Amino acid sequence: MAAYLSMGEAHRRITDYLARFSDAVASQDVASLKPLLSLSSASPSLVSLADALNLLQDSNRLIKQSDRYSQFAEILAPLFRCLQNYRLHNLVDAYPAYEKAANAFIQEFRNWDSAWALEALYVIAYEIRVLAERADRELSANGKMPEKLKAAGSFLMKVFGVLAGKGPKRVGALYVTCQLFKVYFKLGTVHLCRSVIRSIETARIFDFEEFPQRDKVTYMYYTGRLEVYNENFTAADQKLSYALAHCNPHSEANIRMILKYLIPVKLSIGILPKDWLLERYNLVEYSNIVQALKRGDLRLLRSALEEHEDRFLRSGVYLVLEKLELQVYQRLLKKIYIIQKQKEPTKAHQMKLEVIIKALKWLEIDMDLDEVECIVAILIHKNLMKGYFAHKSKVVVLSKQDPFPKLTGKPVNA
Amino acid sequence: MERRQNHHQQPQNPRRNPSSSSSSSQSSNHRSRYRPPNRAGGDARPHSREDPYLDSGDAAAGGRPRSLARPMRAHASEAAAGSSIGVRERQEQHRRDQDREDDRDCRELASVVGTCPHMCPVGEMAQRERLRNLAVFERLHGNPAKTSPELAVKKFCRTISTRDVQLSDIRPFSVLGSTLDYLMSLMNSTPEPFETVHDFIFDRTRSIRQDLSMQNIVDKRVIHMYEKMVNFHVTSHHKLRLRSSGPDSFNISSLHHLNMEQLAKVLTSLYNLYDLNRDHSSTHKNEPEYRSLYVLLCLNSESLPEGERLSLWFRRVPTPVIKSKEMSFARRILRYFRTGNYSRFFSTIAAEASYLQYCALEPYIDKVRALAVLCINNGGYKLHPYPIAHLSNLLMMEESEVESFCNACGLETSLDEQGNKVLPTKQPAFEHPKAGYGKYGFSGLENICRGREAEENV
């Protein structure tokens with residue numbers, strides 16, 4: 001608290017920070033530089049620095065007192081303002097100040113030949129996003145239009161541009177890309193990911209293999225999720241599986257996040273996870289859905305979707321899971337077929353629509369003849385069933401050979 | 001026809017200081033970006049598109065969200081000693097000034113309040129009279145060089161430099177409200193062809209949004225205005241479609257496309273307004289219906305190219321809206337569309353759709369009909385031709401239209417032994433009907449319209 005802080009002590013703290021900053025830059029010591037920029041860490045030293053700044057109110061004078069510090073005035077002055085605002089819980093003003101400091105930092109960064117400060121840049125990219133998120137929360141809470149995160153996105157784009165060149169700094173581009181993904185996902189402006197993805201994947205200066213493993217996993221996770229939203233299941237499978245395979249095996253939380261999206265993808269291409277996997281990673285919301293697919297139990301699918309509706313909607317997999325309905329129908333009809341085959345093998349390939357209606361009634365689902373015929377027609381159209389339906393006799397005639405083709409890792413035909 | 005906005009226009013914001021160091025402007029990004037040498041295959045730096053946080057009609061004055069004017073902050077008096085208060089105040093004021101400077105690129109001028117008392121500023125009226133640039137609705141007794149305050153409506157102007165704009169050119173909220181009502185009244189009351197009416201209202205409502213945006217009016221009052229504008233665009237969506245065959249069809253189909261674009265923007269702004277003005281996590285009266293429209297417009301996820309995928313869009317819909325009757329309808333329609341359940345698709349629309357909802361999903365109706373005909377043709381038993389009468393009930397079409405539709409799909413119909421019309425199955429020549437092939441009705445439409453009239457009379 002300011003009341004217990006003397007002016008002299010405030011002075012000392014500020015000068016101390018200035019010294020550490022300029023020393024870190026002079027000796028290219030990124031490990032010492034990082035914590036000086038890491039606002040959200042709320043480290044005791046930054047907190048006490050902020051108190052000092054709020055007491056002194058005239059830190060500019062201290063910055064200007066020596067060339068050692070004043071050369072970084074463009075970075076330090078706004079950074080101090082940011083700290084002051086942050087300490088006073090004024091995120092809405094803290095963010096633009098940090099952005100200004102960050103902007104000045106990247107101007108310096110551009111001039112440094114080697115990539116020594118890359119990790120400090122990562123800290124800045126992270127802080128920009130996190131500060132902007134909090135500022136927007138504050139704005140919304142006060143009935144104002146949230147706009148800082150959008151600004152953060154623009155800023156990060158700029159940082160990306162700085163890193164997107166030949167030279168050692170380019171390996172940082174993927175980290176910034178991932179921060180951008182997080183921003184766009186949060187804002188819902190996911191279409192903006194497209195152009196930065198194109199840059200990473202097509203520009204010749206980038207070699208995907210050169211990027212740090214951790215960033216590659218994050219990148220594949222997000223691009224995999226995009227493929228899920230776009231319902232490109234083959235691509236989604238590829239990317240999410242890559243992320244899973246290269247993810248740190250001890251990082252259970254990350255594995256869970258990847259599986260959360262990979263499982264609906266696998267289900268859509270006909271691959272069911274084992275129960276132990278769902279339990280191991282606490283993804284039991286999918287258990288009933290898997291059951292429903294195994295049993296052809298449409299009622300179970302619908303109730304599972306309803307039970308976890310909110311969760312599935314929020315993660316964005318609801319629509320994917322809903323579409324599994326067709327595979328459940330397929331399974332149900334296959335079961336009827338198997339039963340008929342046991343009773344009367346020669347007549348098994350003919351299925352009366354009435355029988356299907358009855359089976360659905362047992363599952364407490366009401367369907368009229370028209371709808372059953374419609375479902376049958378659709379299953380045939382999508383190659384989930386082979387055969388034809390006879391409208392007048394209200395019968396489905398199944399092909400004698402493989403009437404219920406398996407999906408074998410390919411999604412259901414559009 | 002007036003000049004249309006380029007599909008990929010970057011937002012312009014001349015108010016911004018071009019030397020600003022902030023990155024929050026997308027256009028200034030271009031100027032201050034570092035350009036590394038040896039770029040392969042074009043720019044590796046992405047171009048951000050305009051984000052319709054608050055639709056301002058895409059004018060230079062907007063395309064970006066603006067914060068409301070910042071409230072004055074109370075002085076923080078920390079020092080106990082009185083003698084240092086003056087210095088401290090000055091220092092804090094300095095810091096606040098710096099904060100404002102920091103924020104200057106995220107912030108526009110403080111809210112302005114327009115003073116133009118008419119639907120059109122006097123200056124513009126005089127100028128357009130001189131230039132004979134008056135729309136047919138603005139002409140006094142048909143005179144192309146004369147208008148009046150009761151007829152002239154301010155045009156949308158893309159290249160407004162907000163630095164130069166006069167308060168007397170901006171219409172205050174009350175004038176905007178009555179302007180909008182006047183425009184809406186034109187929808188059904190003029191003998192002009194619909195495209196002309198649409199064009200006029202399209203442009204003039206865009207100008208209304210521009211004025212709203214410049215005055216930063218984002219509170220509850222505006223919600224109803226945006227809802228009316230959505231009504232206009234959705235109804236146009238339907239009416240333009242009806243007119244998109246014949247000699248004018250190319251023109252009209254581009255009108256249709258632009259209308260869809262604008263509709264998406266207005267809807268997004270409306271949703272932002274709902275979010276911004278929400279109290280106690282309840283919903284606004286019409287919010288469920290207006291939210292449901294987005295789902296119905298996007299049944300096929302490619303239809304709004306910049307539109308958010310529905311999976312992502314649903315994430316941010318408040319739970320009371322998700323559980324509403326209107327949204328439940330839209331989600332079921334979505335499910336039937338995606339799984340191909342044509343049977344329920346049509347019966348549900350007939351039973352539950354409101355007029356606006358019907359208009360929004362109308363373009364998909366024929367697509368699903370085509371799917372149904374395709375499935376029946378491919379999967380139906382050759383010796384059991386499908387009765388047209390049955391198809392007519394299934395697809396909610398008159399029998400004569402069913403026949404013509406089948407023909408448009410490249411299929412022939414015939415008669416069975418009893419003289420009933422049938423569709424023989426397993427015909428090899430199915431093709432999807434070409435766009436603009438013809439307009440088919442919907443058997444339940446009169447009921448839907450009757451429901452709408454009842455709503456409007458309330």
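In chain A, three strands make up an open sheet with the order β1-β3-β2 and antiparallel pairing; two strands pair if DSSP finds at least two bridges between them. β1 (350-352) and β2 (387-390) of chain A lie at the edges with a single partner strand each, so one side of each has no neighbour in the sheet. This is a predicted model, in which local features need pLDDT of at least 70 and side-chain atom pairs count only at pLDDT 80 or more, while totals for chains, interfaces and linings use all residues; side-chain values use heavy atoms, with hydrogens and water left out. Residues are numbered from 1 along each chain as its sequence is written, and chains are lettered from A and ligands numbered from 1 in the order in which they are written. Helices (H or I, at least four residues) and strands (E, at least two) are DSSP runs, numbered from the N terminus.

**Sheet of chain A and its helices**

- β1(A) and strand β3 (residues 395-398) of chain A run antiparallel and are joined by three bridges.
- A:Q350 has A:V397 as its bridge partner in β3(A).
- Helix α20 (residues 325-343) of chain A packs on the sheet and touches β1 and β3 of chain A (contact means heavy atoms within 4.5 Å); the direction of α20 makes about 115° with that of β1(A).
- Helix α21 (residues 353-362) of chain A also packs on the sheet, touching β1 and β3 of chain A, with its direction at about 60° to that of β1(A).
- Axes are lines fitted to C-alpha atoms, for helices over the stretch in contact, and angles run from 0 to 180 degrees between N-to-C directions.

**Helix pairs**

- α21(A) packs with helix α22 (residues 369-381) of chain A at an angle of about 100°, the axes being 10 Å apart.
- α21(A) and α22(A) are therefore roughly perpendicular to each other; angles under 35 degrees count as roughly parallel, over 145 as roughly antiparallel, 65 to 115 as roughly perpendicular and the rest as oblique.
- In this pair, A:L353, A:E354, A:I356, A:I357 and A:L360 of α21(A) meet A:L369, A:V372, A:E373 and A:V376 of α22(A).
- Seven nonpolar, no polar and two charged residues form the contact of α21(A) with α22(A); Ala, Val, Leu, Ile, Met, Phe, Trp, Tyr, Cys and Pro count as nonpolar, Asp, Glu, Lys and Arg as charged, and the others, Gly among them, as polar.
- In chain B, the axes of helix α8 (residues 287-297) and helix α11 (residues 325-339) come within 8 Å and cross at roughly 10°, and α8(B) and α11(B) are therefore roughly parallel to each other.
- The contact of α8(B) with α11(B) comprises eight nonpolar, one polar and three charged residues.

**Nonpolar core**

- The largest nonpolar core has 270 residues, and A:F105, B:F314, B:Y342 and B:F345 have the most contacts inside it.
- Such a core is a set of buried Ala, Val, Leu, Ile, Met, Phe, Trp, Tyr and Cys residues joined through side-chain atoms within 4.5 Å.
- Helix α13 (residues 355-379) of chain B gives the most to this core, with 16 residues.
- Beyond its neighbours within four places in sequence, B:F345 has contacts that include B:L299, B:I333, B:Y364 and B:V368.

**Chain B overall**

- Chain B contains 16 helices and three strands.
- Of its 458 residues, 54% count as buried (under 20% relative accessible area, with exposed over 50% and partly exposed in between; 1.4 Å probe, protein chains only).
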